[in-house]
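This briefing is meant to be read beside the sequence and the coordinates. Please keep both in view while going through the points below.

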Amino acid sequence: MSVPFFSTTHSFTKQWPLIEEKLDRVIDTGQFTNGPMVKELERAIEVFTGAKHAIAVGNATDALIIMLHAAGIGEGDEVLVPSFTFFASASSIAHVGAVPVFCDIDPITYSIQPEEIERKLTSRTKAIMPVHLFTQMADMDQIRKIADKHQLLILEDSAEAISMFNDGLHAGLVGDAGVISFFPTKTLGAIGDAGMILTNNDWIAKQARRLRLHGQDEGIPYIHHLVGYNSRMDDIQAAVLLVRLQCLQGEIAKRAYLAACYDRELQKLVQVQTPRIKERTDTANPVYYVYLIEVEHRDDLVAFLAEHEIGTETYYPIALHTQPCFKELRYEEGSMPNAERACTRTVGLPLYPDMTEADVAEVRQVIEQFFEREDKR
């Protein structure tokens, strides 16, 4: 029995009649980028998240770059970012001419460690980019206090954090702006690339809307207030997302149920560290985007699971401060022990609403077989 890392075959089949209806509307209007369906999605995301502004763009990497640019981050500025995250968190900073200043992570949340922020501040620091990974948000209570004390912007990489709230504020709105990814494997996924910028700041929103359209104000072509980008969401993706948004809370509940099944199945395996939810001084709800475990011999386990047709995803095999493209920043290996340890031990197991309890049991059984084999060596 095979268990892919991700699949939406059954869900998509159930949702298809509603998706088809919206796609027919897209075809009838003849507007396929940044059209009426995109506007409808922006309004729906504003209602869902409580954001004053939701700005649709082509993908979440573009969203990060445009967010930073719109917030005034530029040449010579420093932005604090965790070293254990997807590459775009750091590359977006470099793309606007700023310098990513890498910080170690909290070993439970995998998010930026507040103590590290205090240590890495300089006169050039302009913003903090917390990244909300896998299951829970960063320690935004402490990050807010640091940002307020030093008058820093908070620009959140909340790409994975749809439906995560902190003290009543949706991820991406705790600071000055944030982003959402609608990549197909995300908790709310399209059938291609798509992203969104969230903000309650009118100026950031105005600049972001300009930047996604080559620096033009919408509806007034050929007058370019900024040197912008071409990053428009497709109406086809918006149509799919509008339908899937209706199903989101039910799918999040199914993810939580499957995560509890994993917890139950894996708790007897002492070799496996299952996800932990950190105790907090603020209120925050977990959302299981990824079920991330830590193990010794991670790469051997991944290979063994692949042999048994079970998909996994390795998050993230190389810490960003050790990436070749950032070698001029002169970080030493060993300087961020929590991030570097996570890079050798973490792996995401299959987790998506189409899964069953039997799938979870199958994954656990193969993991157990792997460690039984290792014990005999």
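What follows describes a predicted model, beginning with the sheet and its helices and ending with single residues.

The model contains an open sheet of seven strands with mixed pairing, in the order β1-β9-β8-β5-β4-β2-β3. The strands β1 (53-57) and β3 stand at the edges, each with a single partner strand, so one side of each is left without a neighbour in the sheet. From one strand to the next, the twist averages 25°.

**Strand pairing**

- Within the sheet, strand β4 (residues 125-128) and strand β5 (residues 153-156) run parallel and are joined by two bridges, and in this pair A127 stands opposite L153 of β5.
- Elsewhere, strand β12 (residues 291-294) pairs with strand β13 (residues 346-349) in the antiparallel sense over four bridges, with G348 in β13 as the bridge partner of L292.

- Helix α7 (residues 202-211) lies across β1, β8 (177-181) and β9 (195-199), and runs at about 20° to β1.

- In helix α4 (residues 87-95), the buried residues are A88, S89, A90, S91, S92 and I93, and what covers them includes α3 (60-70), β2 (78-82) and β3 (99-103).
- Two packed helices are described by the angle between their axes and the distance between the axes. For α3 and α4 the angle is about 40° and the axes are 9 Å apart, and these two helices are therefore oblique to each other.
- The crossing of α3 and α4 is right-handed, and at this contact T61, L64, I65 and L68 in α3 meet A88, S89, S92, I93 and H95 in α4. The residues of the contact divide into five nonpolar, four polar and no charged.
- After α4 comes G97, whose phi is positive, near 90°.

**Residues with positive phi other than glycine**

- Most residues other than glycine have a negative phi, and most peptide bonds are trans.
- Y222, which lies in strand β11 (residues 220-224), has a positive phi near 75°. With a relative accessible area of 73%, which is over the 50% cut-off, Y222 is therefore exposed.
- E309, in the loop between α10 (298-307) and α11 (337-345), has a positive phi near 60°. The relative accessibility of E309 is 52%, so E309 counts as exposed.

**A239, a buried helix residue**

- A239 belongs to helix α8 (residues 235-246), and with a relative accessible area of 0% A239 is buried.
- Which residues does A239 contact, leaving aside its neighbours within four places in sequence? They are K22, L23, V26 and M37.
- A239 and Y110 are 129 residues apart in sequence, and their C-alpha atoms are 33 Å apart in space.

How values were computed: Residues numbered from 1 in each chain as written. Predicted model: local features only at pLDDT ≥ 70, side-chain atom pairs only at ≥ 80, totals over all residues. Heavy atoms only, no water. Buried < 20%, exposed > 50% of the residue type's maximum accessible area, 1.4 Å probe, protein only. Contact = heavy atoms within 4.5 Å. Axes fitted to C-alpha atoms, helices over the stretch in contact; angles between N-to-C directions. Parallel < 35°, antiparallel > 145°, perpendicular 65-115°, else oblique. Left-handed = near helix turned anticlockwise from the far one by under 90°. Nonpolar A, V, L, I, M, F, W, Y, C, P; charged D, E, K, R; others polar. Pairing = 2+ DSSP bridges.
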